[in-house]
Amino acid sequence: LTNLATMAGVPSPSGPLEGSVSAQFLEELEFVQALANVEYMRFLAQRGELQDPQFQAYLGRLHSRWSTPAYARFLRFPQALYMLGQLRDPRFVAQLGRPGFVEWLRSQQLWQWQSGGRIVGPKPSS
């Protein structure tokens with residue numbers, strides 16, 4: 001754990017907090033990567049988490065940290081970082097509750113993985 005945090009440039013504290021930064025690093029990494037899962041984003045939206053100002057502030061801190069090359073290089077799913085940014089946009093969050101949007105988003109994500117292209121295409125009508 002410590003090696004991953006050190007490689008990411010995360011300072012490693014000494015004393016009783018030793019290892020807590022590494023655990024935080026791994027927890028954040030797991031959470032940010034989970035955002036590549038469209039169903040997980042829908043789950044967060046359905047629970048109302050994405051409307052919570054404290055959660056939005058947390059997403060902002062994560063976005064600031066994980067957008068840096070020192071952290072981003074550990075992401076296996078680059079779309080997770082894109083989605084993290086999108087979850088800070090209230091219009092995007094509102095779309096997660098619309099029928100068909102999650103399916104459209106999933107299809108765009110699959111297309112991107114298959115072709116290496118960008119997320120493009122018509123959004124479902126309202």
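Q: Where in the chain is Glu 28 found, and is Glu 28 buried or exposed?

A: In this predicted model, Glu 28 is part of helix α2, which covers residues 20-34. Its relative accessible area is 5%, and because buried means under 20%, Glu 28 counts as buried.

Q: Which residues does Glu 28 touch, leaving aside those up to four places away in sequence?

A: Glu 28 touches Tyr 58, Leu 62, Arg 65 and Trp 66.

Q: How many helices and strands does the chain have, and what share of its residues is buried?

A: The chain has eight helices and zero strands, and of its 126 residues 36% are buried.

Q: What describes a pair of aromatic rings?

A: Such a pair is described by the distance of the ring centres and the angle of the planes. The structure holds eleven aromatic pairs. One of them joins Phe 55 and Tyr 58, with 6.1 Å from centre to centre and 45° between the planes, a tilted arrangement. Both residues lie in helix α4 (residues 53-66), three residues apart, about one turn of the helix; Phe 55 is buried at 14% relative accessibility, whereas Tyr 58, at 27%, is partly exposed.

Q: Why is the pair of Trp 66 and Tyr 71 edge-to-face?

A: The ring centres of Trp 66 and Tyr 71 are 4.9 Å apart and their planes stand at 75°, so the pair is edge-to-face, planes over 60 degrees apart being counted that way. Trp 66 and Tyr 71 are both buried.

Q: Which residues form one aromatic cluster?

A: Phe 31, Tyr 40, Phe 43, Phe 55 and Tyr 58 form one aromatic cluster.

Conventions
Residues are numbered from 1 along each chain as its sequence is written. This is a predicted model: local features need pLDDT of at least 70, side-chain atom pairs count only at pLDDT 80 or more; totals for chains, interfaces and linings use all residues. Side-chain values use heavy atoms; hydrogens and water are left out. Helices (H or I, at least four residues) and strands (E, at least two) are DSSP runs, numbered from the N terminus. Buried means under 20% relative accessible area, exposed over 50%, partly exposed in between (1.4 Å probe, protein chains only). Contact means heavy atoms within 4.5 Å. Rings of Phe, Tyr and Trp (its six-membered ring) pair if their centres lie within 6.5 Å; planes under 30 degrees apart count as stacked, over 60 as edge-to-face and the rest as tilted.
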